[in-house]
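Here is a walk through a structure, taken piece by piece. Keep the model open and turn to each part as it comes up.

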Amino acid sequence: MSDIQYIDGKQPHQREHRLIFKNIDRVGWNPSLDTYRNDGGYKQLKDALKWEPKAITNEVKKSGLRGRGGAGFPTGVKWGFIPPNNTKPVYLICNADESEPGTFKDRYILHQDPHQLIEGMVISCFAVGAHLAYIYIREEFPEAAEILERALEEARNANLLGDNILGSGFNCQIHIHRGAGAYICGEETGLIESLEGKRPYPRIKPPYFPAAMGLYMCPTIVNNVESLCHVKHIIQMGAEEYAKLGTPRNTGTRIVCVSGDVKKPGYFEIQVGKMTMGELLNDVCGGPKDGRKFKAVIPGGSSAKILRCDEKFNVSCPPGTEKREISFEEIPLDFDTLAACGTMAGSGGVIVMDDSRKMSWVLNNLNKFYAHESCGQCTPCREGSTWMRKITDRLVAGKASPSDIDTLNSIAYQIDGKTVCAFGEACSWPVEAMVDKFRAELVSETSEDNESIAHSAESEAQRRFLQPQG
Amino acid sequence: MSEATTEKLPKDVAAEDGMVNVQVDGNWIQVPKGTRMIEACKIAEKEVPHYCYHPKLSSPGNCRMCLVQMGMPPRPAPGEDPKFKDDGFQEIGWMPRPVIACANTVAENMGIRTTGELVESCRHGVMEFLLINHPLDCPICDQAGECSLQEFSVEHGRGNSRFVDNKVKKPKNVDIGPRIRLDDERCIMCSRCIRFMDEVADDPALGFTDRGTHTTLTVHPGHRLDSNYSLNTADICPVGALTSNDFRFQMRVWFLKETKSIDTNCGTGSNTVIWTRGSEIFRVTPRENNEVNSCWMPDSHRLNFHYVNSEARLNTPMIRNTSGTHEAATWADSIQKAAEVLRIHQPGEIAIIGSGKQTNEELFLLGKLAEALETDLLTLVPRMGESDGKLVAADRNANTTGATLLWDTEDPYAKLDAIREGVRSKKIKTLVVFYENLLEEAGFKEEDLANLNLLVSNHILPNGTAKNSHIVLPGAAFAEKRGSMVNITGRLQRLNKAIEPPAGAMDDWEIIRDLIAALDKKAAPLYLIEDVLKAIGAAVPAFEEQTFSKIGDQGIQITVTGQTIPLLDKEHQRIERGEIVG
């Protein structure tokens with residue numbers, strides 16, 4: 001890897017381990033097929049096509065690869081959910097609807113290294129027995145869609161896609177489907193509905209688990225862009241070698257996207273669990289801006305629960321060991337420890353806030369996003385997300401009362417766990433965590449006096465009947 | 001497990017009959033495998049409140065009102081046998097998260113809690129969410145009194161509102177179709193109407209626009225909600241978002257009396273409820289019968305009742321005097337006069353035309369009248385149209401099958417042409433007509449009727465035939481009489497009396513009975529309509545031993561005609577595919 005030159009100013013940090021992002025910002029690199037092939041691209045596809053499809057799935061299972069989209073579900077296990085006696089066609093969908101606020105990893109793969117994704121997808125298709133795959137790409141990536149379209153065309157012309165790929169007898173076609181700008185299309189069943197041409201209302205699970213009843217009611221595997229790229233590297237390195245990266249149960253590398261109040265924000269590919277929060281923020285990202293202190297961090301995309309930087313956690317670290325108290329800086333960036341700390345690794349979007357940030361504003365910003373993006377299918381999220389926004393709107397305008405903070409909290413718990421899809425958690429967790437961890441700050445921005453003020457023409461009208469006349 | 005070898009476990013006992021054991025609120029019941037949890041709770045007589053779930057439609061699980069707590073036995077560790085308690089059941093491990101009861105199916109040894117802190121808090125939460133943006137305009141809302149939002153907010157709602165901000169504003173009083181009006185602010189987005197139009201009515205005209213809290217129900221661009229089944233959406237709308245143009249603002253539902261009856265507009269015989277107050281019909285709605293009309297009914301049929309409320313209803317018998325005008329007469333005189341004239345004519349000069357919309361009892365007595373007059377010129381007037389592939393049968397007469405059985409004929413319409421020709425050629429000199437305007441489907445002309453020596457006719461409204469009749473006998477409409485009919489599939493069903501006929505009008509079967517009595521002094525007396533059904537039972541094998549109470553609200557299959565109802569065929573397929581509960 002030492003011979004790879006990166007563009008000036010974009011060199012990876014020495015603590016990084018570039019696998020997926022090997023070619024990102026590389027000198028002399030472009031997204032064409034020739035460049036990719038000259039670098040040894042599509043070799044793994046050629047190898048993989050000689051394997052038994054089952055063996056690839058087993059290899060991915062052995063590698064311990066966990067989905068990089070948000071939930072962190074083991075990829076190989078997901079593939080194994082396709083009913084064994086299935087007679088219907090199987091579909092593979094690449095979820096390139098990267099819309100979790102704070103996450104910007106997939107776009108670089110799509111923009112700079114589309115063939116890595118295509119190779120990963122064809123191998124995955126071969127493993128799960130899919131002959132038709134879709135890339136669902138968010139509307140806000142028009143350039144990426146064009147680049148990907150060109151790459152697919154190149155791959156088709158080179159017989160890396162289509163019928164009898166590289167003489168193996170395996171047929172596979174990949175199509176691009178562009179979304180229309182809805183966050184909910186990143187939810188896998190919402191994505192499937194959207195792909196079917198309907199409103200992206202997530203389906204209820206059970207019974208509609210995609211691996212059994214997905215696209216057009218056929219078995220469907222939905223994987224994140226980064227996860228599919230990892231498949232290629234698992235074939236290249238072998239599962240055992242791959243599993244040596246990272247820590248047990250949290251194998252491989254992952255890309256974290258750091259944004260917000262650090263000196264050097266950006267994307268960093270690290271070994272899962274081999275780096276702590278403190279190392280990431282202070283060493284890799286250069287620490288807080290001058291004269292500032294870290295206040296809070298959202299570690300896995302905007303729907304992950306926020307962490308206070310002065311918090312202490314009583315967790316088993318590394319996983320499996322006796323519980324002990326660790327500080328925020330000591331949290332390793334893996335799936336399990338972050339979950340134990342009450343948040344999640346999610347999509348890898350680390351949003352950092354320093355002491356210049358008002359938490360009420362942060363919360364209102366998140367609430368605005370979720371109120372705008374709620375699909376409106378099921379009651380708690382549809383009504384609750386906007387209600388929470390209306391309350392935090394008043395909070396930032398100085399028109400909230402302390403009881404509003406309690407209401408806010410109870411609305412969040414009224415949504416959490418009661419919705420069709422995980423959007424309910426996505427919109428309620430930030431509120432729950434914020435009220436839990438920054439209640440004093442939020443309350444300090446409220447006033448008891450606001451309790452008795454009408455906040456709208458409507459509540460004014462209602463109060464007419466409550467208050468004595470004259 | 002030593003007991004297991006000697007004694008069968010409950011799970012094995014249940015499995016033999018294709019059942020599973022489910023614990024609902026602490027009580028174990030057996031339900032068929034594959035039953036939805038919400039239906040299992042219904043079997044256990046535990047109510048699970050719900051909005052979006054409808055057994056005849058797919059289950060999107062979007063209202064979240066039916067959240068219950070579910071538990072399953074813990075999965076045994078590898079190599080370990082499941083542990084059974086003394087009662088033969090496994091310990092239930094309760095899940096911390098609630099599940100929707102409408103879309104999940106039961107499993108062996110499953111536990112369901114429809115009460116408790118978790119479940120109650122879920123319902124409280126959903127209820128509050130549904131109400132924060134609801135206009136709460138019950139005092140001016142037509143749904144009040146039959147609104148699920150009202151009902152469940154009494155049980156699961158909170159007394160005060162925590163919502164102090166502005167509500168979301170949406171379109172009101174939207175004209176989406178000729179018979180339905182939409183109020184989007186009242187809509188709770190349960191999507192029942194959308195699913196009905198798509199899955200049952202085959203006319204996906206409705207859909208949502210916008211998203212999140214601004215989600216708005218509307219018709220798709222260029223579409224109208226003008227399907228002949230559109231009013232069913234108002235029936236299944238759990239709130240007052242979709243209301244019937246015909247019924248809205250007419251009457252508070254709690255003032256209305258409900259009478260179970262059947263539809264007489266076609267051979268399907270959809271089961272109905274007739275909603276009345278005093279002697280006025282306010283609306284007709286479909287009633288569930290899974291052998292006839294499922295839960296649905298065509299608009300054209302349910303709205304065809306306003307004529308019953310008409311002020312022009314005939315309310316006294318009339319005899320035409322020599323100058324050609326009709327004069328009010330008594331029933332005794334009218335019947336006597338008719339019998340006198342009929343008696344002096346030869347059998348070949350007398351014909352009887354009945355209606356396929358008459359009840360079995362009336363048709364049977366018409367046959368008896370023909371016997372008394374010794375004529376075989378007895379017919380019905382055919383009304384064939386086209387089936388709509390759902391609930392409207394090609395045969396628009398409600399009781400053709402009944403006539404076929406009662407008159408023991410292949411074709412109860414066969415003699416209409418001969419009778420019409422007979423009247424035209426003056427061979428037939430007297431005509432007794434029930435319920436039919438001969439100038440319409442029967443193909444008679446006014447000059448034909450002028451040929452007759454005697455035209456006795458029974459109607460409920462004035463028409464061309466009544467105008468040309470010598471004697472007019474006012475009868476009762478479908479909602480004003482009891483009786484039975486047999487639908488196109490061969491199902492015997494009963495009509496019930498929702499309102500009284502106008503004073504001076506008489507139930508049709510009594511008119512025919514009196515005519516027979518006037519002609520044949522030896523005829524057996526019939527005091528009650530039950531006596532007629534009894535007589536039918538004695539004479540016609542298919543009706544043997546039938547009584548009105550045996551027929552019941554759901555009817556009885558007394559013969560198999562081979563005809564089916566297309567909508568039911570489709571429904572059965574969907575049940576088989578597991579798409580709906582049915």
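Begin with a pair of helices in chain A. Helix 6 of chain A passes helix 7 of chain A in a right-handed crossing. Helix 6 covers residues 114–128 of chain A, and helix 7 covers residues 142–157 of chain A. Their axes are 9 Å apart and pack at an angle of about 55°. Which residues meet here? Helix 6 of chain A brings P114(A), H115(A) and I118(A). Helix 7 of chain A answers with I147(A), L148(A), A151(A), L152(A) and A155(A). By class, this contact has 7 nonpolar residues, 1 polar residue and no charged ones.

A word on the model itself. This is a predicted model. It scores ipTM 0.94 and pTM 0.94. Chain B averages a pLDDT of 95, and 99% of its residues score at least 70. Where pLDDT is low, predicted coordinates should not be read in detail.

Stay with chain A and look at its backbone. N159(A) sits in the loop between helix 7 and strand 3 (173–178) of chain A. N159(A) is not a glycine, yet its phi is positive, at about 60°. Next come two cis peptide bonds. One runs from P206(A) to P207(A), with omega near 5°. P207(A) lies in the loop between helix 8 (188–195) and strand 4 (220–224) of chain A. Another cis bond joins C317(A) and P318(A), with omega about 0°. P318(A) belongs to the loop between strand 11 (312–316) and strand 12 (323–327) of chain A.

Now step back to the domains of chain A. How is chain A divided? Domain 1 takes residues 33–244, domain 2 takes 248–354 and domain 3 takes 359–452. The C-alpha centres of domain 2 of chain A and domain 3 of chain A lie 24 Å apart. These two domains touch. Their contact draws 7 residues from domain 2 of chain A and 11 residues from domain 3 of chain A. On the domain 2 side, the touching residues are 3 nonpolar, 2 polar and 2 charged.

Turn to chain B. Its domain assignment gives domain 1 (2–115) and domain 2 (318–559). The centres of domain 1 of chain B and domain 2 of chain B, taken over C-alpha atoms, are separated by 56 Å.

Two helix pairs in chain B deserve a look. Take helix 9 (residues 331–343) of chain B and helix 15 (residues 508–519) of chain B. Their axes come within 9 Å and cross at roughly 50°. Helix 9 of chain B is therefore oblique to helix 15 of chain B. The crossing of helix 9 of chain B and helix 15 of chain B is right-handed. Helix 9 of chain B supplies I335(B), Q336(B), A338(B), A339(B), L342(B) and R343(B). Helix 15 of chain B supplies D514(B), L515(B), A518(B) and L519(B). Together the contact holds 7 nonpolar, 1 polar and 2 charged residues.

The other pair is helix 10 (residues 360–372) of chain B and helix 16 (residues 529–539) of chain B. Are they oblique or perpendicular? Their axes come within 10 Å and cross at roughly 65°. Helix 10 of chain B and helix 16 of chain B are therefore roughly perpendicular to each other. Helix 10 of chain B passes helix 16 of chain B in a left-handed crossing. From helix 10 of chain B, the contact uses N360(B), E361(B), F364(B) and L365(B). From helix 16 of chain B, it uses I529(B), V532(B), L533(B) and I536(B). These residues divide into 6 nonpolar, 1 polar and 1 charged.

Finally, bring the chains together. How many residues of each chain are in contact? The contact involves 30 residues of chain B and 30 residues of chain A. Which element of chain B gives the most? Helix 4 (residues 117–132) of chain B does, with 6 residues. The side of chain B that touches chain A has 15 nonpolar, 9 polar and 6 charged residues.

Conventions:
Residues numbered from 1 in each chain as written. Chains lettered and ligands numbered in written order. Predicted model: local features only at pLDDT ≥ 70, side-chain atom pairs only at ≥ 80, totals over all residues. Domains from an automatic or database assignment. Nonpolar A, V, L, I, M, F, W, Y, C, P; charged D, E, K, R; others polar. Axes fitted to C-alpha atoms, helices over the stretch in contact; angles between N-to-C directions. Helix = DSSP H or I, 4+ residues; strand = E, 2+ residues; numbered from the N terminus. Parallel < 35°, antiparallel > 145°, perpendicular 65-115°, else oblique. Left-handed = near helix turned anticlockwise from the far one by under 90°. pLDDT = per-residue confidence, 0-100.
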